[in-house]
Amino acid sequence: GALNHPNILAIYDVDIHNGSPYVVSELLEGETLREQIGTLPPRKALDYAVQLAQGLVAAHCRGIVHRDLKPDNIFVTREGRVKILDFGLAKLVESSDVRELETDVLTKPLNTKPGTILGTTGYMSPEQVRGRRVDHRSDIFAFGAVLYEMLSGRRAFKGETAVETLNAILKEDPSDLCMVNAEIDLALERIVRHCLEKSPDD
């Protein structure tokens with residue numbers, strides 16, 4: 001509700017009716033990105049990625065980390081507009097550059113209990129897997145995983161079990177994009193690799 005950006009789902013109201021909470025949001029027509037994975041040409045994937053990055057920047061500038069970015073939480077309208085959905089795991093992070101937000105929208109507490117793992121297997125950053133403190137760089141890692149999947153049609157990190165997938169996030173690098181899709185520009189592959197660095201400092 002504190003965010004107003006063309007690439008983020010607009011929330012108009014949050015309230016409770018007969019004991020049940022509800023959210024009033026803008027009406028979107030189209031489909032999730034998940035439904036387009038595997039059929040996206042590189043040019044369209046790049047267009048979606050730029051819009052997704054712009055939405056993330058808007059959230060990060062307000063001190064909000066999504067923490068659950070994945071193709072199922074990214075919507076593409078019939079007009080080709082990308083919308084980030086579901087800030088249900090969002091976290092307000094401390095920053096000297098971000099002024100305190102005046103909002104009644106409930107978010108997870110600022111200091112999530114250490115060791116708590118929040119996110120979706122396959123898209124979590126290494127620091128999320130380890131239950132460590134997260135910031136905007138965790139969303140950048142997830143963005144890299146989503147972009148990799150848009151360009152290759154396959155997940156960057158996937159094991160036979162959830163534990164194997166989490167281990168892959170911590171210790172393995174995904175296959176080179178150019179080996180999967182010869183149309184991928186090497187400069188774009190470097191951007192994806194940079195997003196998927198294991199250490200937030202990198």
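**Helix packing and the nonpolar core**

Helices α3 and α6 pack against each other at an angle of about 140°, their axes 7 Å apart. (Axes here are lines fitted to C-alpha atoms, for helices over the stretch in contact, and angles run from 0 to 180 degrees between N-to-C directions.) The two helices are therefore oblique to each other; angles under 35 degrees count as roughly parallel, over 145 as roughly antiparallel, 65 to 115 as roughly perpendicular and the rest as oblique. Their crossing is left-handed, a label used if the near helix is turned anticlockwise from the far one by less than a right angle, with right-handed used if clockwise. On the α3 side, I140, F141, F143, G144, L147, Y148 and L151 meet L188, V192 and C195 of α6, where contact means heavy atoms within 4.5 Å.

A word on the model: it is predicted, so local features need pLDDT of at least 70 and side-chain atom pairs count only at pLDDT 80 or more, while totals for chains, interfaces and linings use all residues. Residues are numbered from 1 along each chain as its sequence is written, and side-chain values use heavy atoms, with hydrogens and water left out.

Stepping back, the chain has six helices and seven strands, in the order β-β-β-α-β-β-β-β-α-α-α-α-α from the N terminus. These elements are DSSP runs numbered from the N terminus: helices are H or I with at least four residues, strands E with at least two. Of the contacts between residues at least 6 apart in sequence, 64% join residues at least 24 apart. Of the 202 residues, 43% are buried (under 20% relative accessible area; exposed is over 50% and partly exposed in between, with a 1.4 Å probe and protein chains only). The chain exposes about 11,600 Å², with carbon and sulfur atoms supplying 49% of that area; accessible areas come from the Shrake-Rupley method with a 1.4 Å probe, and for residues only the protein chains shown count as cover.

Helix α3 also pairs with α1. The axes of α1 and α3 come within 10 Å and cross at roughly 165°, which makes α1 roughly antiparallel to α3. This crossing is right-handed. Here P42, A45, Y48, A49, L52, A53, L56 and H60 of α1 meet H136, D139, F143, V146, L147, M150 and L151 of α3.

Next comes the largest nonpolar core, which has 41 residues, with L33, L52, L69, F143, L147, M150 and L151 making the most contacts inside it. Such a core is a set of buried Ala, Val, Leu, Ile, Met, Phe, Trp, Tyr and Cys residues joined through side-chain atoms within 4.5 Å. Two or more residues each come from α1 (42–61), β5 (74–77), β6 (82–84), α3 (136–152), α4 (162–171) and α6 (186–195), and α3 gives the largest share, nine residues. Leaving out residues up to four places away in sequence, F143 touches A49, L52, A53, L56, L69 and C195.

Some loop residues deserve a look too. T39 lies between β3 (30–32) and α1 and is exposed, at 64% relative accessible area. Its C-alpha atom is separated by 8.5 Å from that of M150, 111 residues apart along the chain.

Most residues other than glycine have a negative phi. N18, in the loop between β1 (11–17) and β2 (20–25), has a positive phi near 50°, and R67, between β4 (64–65) and β5, has one of about 75°. N18 is exposed at 73% relative accessible area, whereas R67 is buried at 6%.
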